[in-house]
Amino acid sequence: MKKSIIGIVAVVIIAVIIIGAIFIFSKNKEEKPSTQSGVKIQTAQEMEKVINDINTKLGENLPSLETREIDLTDEYAFTSTTGLKSNENVEAVVASEPFMSSQAYSAVMIKAKENANIEEMKQEILNNIDMRKWICVSAEKLWVTNYNDIIFFVMSSEEWGKPVYDEFKQAVGGTVGKELEKTEEF
């Protein structure tokens, strides 16, 4: 009889330990923020922060940059910065470009309005952005993607552009939409 009581107590103790371990493991898993859902980019200020964080991280490998919000009512600035023909589906644009315009580099974030066709906007950027918009220089490559309703693109040399593009993808947890790429033909 004592052996059966000891056996039952041992089974109960083991069951409690297993249930406790499962509870603790699932609780810890829930408390960890997801890298996919933990990234919040909804305002021009948040877009500027992401770009400035990338610039700071890669700073010594990039030209001196100025990050600023683009005035959506300035048609020339909007179109030359984004390659988009209309600001109808755009809430905000932030660009990071060199202080000196003779350096071919531009990183841009575009906050699209709700229900905007992100894929069409990305294709329009790919088709229309002027990779020769600088005096005497041209961007070698263009990379375009999105994170939810944020479109991100960078055009520059492989040396500057690819690390920035990769840092953006890392900053949003690697969860990006369809990636587009274009090489400028000289």
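## The sheet, strand by strand

Begin by selecting residues 90–98 and 106–112, which are strands β2 and β3 of this predicted model; the two run antiparallel and are joined by 6 bridges. Within this pair, pick Val-93 and look across to β3, where its bridge partner is Ile-110.

Now widen the selection to the whole sheet, which is open and consists of 6 strands in the order β1-β2-β3-β5-β4-β6, with antiparallel pairing. At its edges stand β1 (65–69) and β6 (180–183), and because each has a single partner strand, one side of each is left without a neighbour in the sheet. Neighbouring strands are turned against each other by 10° on average, direction ignored.

For the setting of this sheet, colour the chain by secondary structure: there are 5 helices and 6 strands, and along the sequence they follow the pattern α-α-β-α-β-β-α-β-β-α-β. Of the contacts between residues at least 6 apart in sequence, 63% join residues at least 24 apart. The chain has 186 residues, of which 39% count as buried, and it exposes about 11,200 Å², with carbon and sulfur atoms supplying 55% of that area.

## Strand β5

Select residues 150–156 next, which make up β5.

Is β5 enclosed or left open by the rest of the structure? Since 7 of its 7 residues are buried, β5 is largely enclosed by the rest of the structure.

Move to residues 141–147, which form β4. Together with β5 this strand forms a hairpin with 2 residues between the two strands. Centre the view on Asn-148, which is found in the loop between β4 and β5 and has a positive phi of about 55° although it is not a glycine. With a relative accessible area of 53%, Asn-148 is exposed.

Then select Asn-146, which lies in strand β4 and counts as buried, at 7% relative accessibility. Its side chain makes a polar contact of 2.7 Å with the side chain of Lys-122. Leaving aside residues up to four places away in sequence, the residues that Asn-146 touches include Ile-118, Glu-119, Ile-151, Phe-152, Thr-175 and Val-176.

One further asparagine can be selected at this point: Asn-115, in the loop between β3 and α4 (118–128). Asn-115 has a positive phi of about 70° although it is not a glycine, and at 76% relative accessibility it counts as exposed.

## Helix α3 across the sheet

Finally, select residues 75–82, helix α3, which lies across β2, β3 and β5 and runs at about 70° to β2. Its buried residues are Phe-78, Thr-81 and Thr-82; seen down the axis of α3, these fall within an arc of 80°, so they line one face of the helix. An α-helix has 3.6 residues a turn, so residues three or four places apart point the same way.

What covers the buried residues of α3? The cover includes β2, β3, α4 and β5. The tour ends at Gly-83, which follows α3 and has a positive phi, near 80°.

Key: Residues numbered from 1 in each chain as written. Heavy atoms only, no water. Pairing = 2+ DSSP bridges. Helix = DSSP H or I, 4+ residues; strand = E, 2+ residues; numbered from the N terminus. Axes fitted to C-alpha atoms, helices over the stretch in contact; angles between N-to-C directions. Contact = heavy atoms within 4.5 Å. Buried < 20%, exposed > 50% of the residue type's maximum accessible area, 1.4 Å probe, protein only. Areas by Shrake-Rupley, 256 points an atom, 1.4 Å probe, with all protein chains shown as cover. Polar contact = N/O pair within 3.5 Å; in protein donor to acceptor, adjacent residues only side chain to side chain. Arc of directions from axis to C-beta.
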